[in-house]
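Please look through the sequence and the model below before reading on.

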Amino acid sequence: LLEALLAIVDNFERALESARSTNSNESVLEGITMIYRQVQQLLEREGVQPIQAVGQPFDPNFHEAVAQEPTDAQAPGTVLEELQKGYLLKSYVLRPSRVKVAQATDT
C-alpha cells in the first residue's frame, strides 16, 4: 500500500510542477496542492519520511547512484541532485533516493 502511494506522490509532484510552470488555472493548482498535502500527512502519520539526499555523503544504504558529475563545487561522493525521492518507513528503506553524485574532476 505504501509503495503504491509513493507513485501517486510522484505524479502529484509532477502535476504541481507542470501547473506552476504553465500558470494554469489557479483553482486546479490549489486542489492538487491540497491533495498532495493530505497524502504527505497520511504518509507521515504512518511513519513514512523522505530520505535526506542533496548535500549528503552518498550512502548505498539510502541512495541509488544513477549518474555522476565531475565537479569541484562539492567533495567527491556528495549527492548533487535528487532525481527521485527516497522514503523510509521508520528505519526501513521503502525506496532509496535515486541521485546524481559528485565525482572528482580530472585535472
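**From one tyrosine to the whole chain**

In this predicted model, Y87 touches L6, V9, E13, Q40, V48, Q49, P50, I51, Y92, V93, L94 and R95, leaving aside residues up to four places away in sequence. Y87 also belongs to the largest nonpolar core, a set of 15 residues in which L2, V9, L43, V48, Y87 and L94 touch the most other members. Two elements give two or more residues to this core, namely helix 1 and helix 2, the latter spanning residues 26–45. Of the elements, helix 1 gives the most, with seven residues.

An α-helix has 3.6 residues a turn, so residues three or four places apart point the same way. In helix 1, the buried residues are L2, L5, L6, V9, D10, F12, L16 and A19. The helix covers residues 2–22, which is 21 residues, and it reaches 31 Å from its first C-alpha to its last, close to the 30 Å expected at 1.5 Å a residue.

Which strands does helix 1 touch where it packs on a sheet? The sheet in question is an open one of three strands in the order 1-4-5, with antiparallel pairing. Its edges are formed by strand 1 (48–50) and strand 5 (92–95), each of which pairs on one side only, and the twist from one strand to the next averages 35 degrees. Helix 1 packs on this sheet by touching strand 1, strand 4 and strand 5, and the direction of the helix makes about 50 degrees with that of strand 5. Within the sheet, strand 4 (residues 87–89) and strand 5 run antiparallel and are joined by three bridges; L89, for instance, has Y92 in strand 5 as its bridge partner.

Strands of a sheet pair through backbone hydrogen bonds, either parallel or antiparallel. This other sheet also has three strands, in the order 2-6-3, and its pairing is mixed. Strand 2 (63–70) and strand 3 (79–84) stand at the edges with a single partner strand each, so one side of each has no neighbour in the sheet. The twist here averages 30 degrees from one strand to the next. Strand 2 pairs with strand 6 (residues 97–103) in the parallel sense over seven bridges, and A65 has V99 as its bridge partner in strand 6.

Between strand 2 and strand 3 lies a loop that holds A73. Is A73 buried or exposed? A73 is exposed, with a relative accessible area of 67%. In sequence A73 and D106 are 33 residues apart, while in space their C-alpha atoms are 14 Å apart.

Stepping back to the whole protein, the secondary structure comes to two helices and six strands, and from the N terminus on the elements run α-α-β-β-β-β-β-β. The C-alpha atoms fill a box of roughly 50 × 35 × 15 Å along the principal axes. Of the 107 residues, 30% count as buried, and the protein exposes about 7,000 Å², of which carbon and sulfur atoms supply 50%. Among contacts with a separation of 6 or more, 61% are between residues 24 or more positions apart.

Key: Residues numbered from 1 in each chain as written. Predicted model: local features only at pLDDT ≥ 70, side-chain atom pairs only at ≥ 80, totals over all residues. Heavy atoms only, no water. Pairing = 2+ DSSP bridges. Helix = DSSP H or I, 4+ residues; strand = E, 2+ residues; numbered from the N terminus. Axes fitted to C-alpha atoms, helices over the stretch in contact; angles between N-to-C directions. Expected span 1.5 Å × (residues − 1). Buried < 20%, exposed > 50% of the residue type's maximum accessible area, 1.4 Å probe, protein only. Contact = heavy atoms within 4.5 Å. Areas by Shrake-Rupley, 256 points an atom, 1.4 Å probe, with all protein chains shown as cover. Core = buried A, V, L, I, M, F, W, Y, C linked by side-chain atoms within 4.5 Å.
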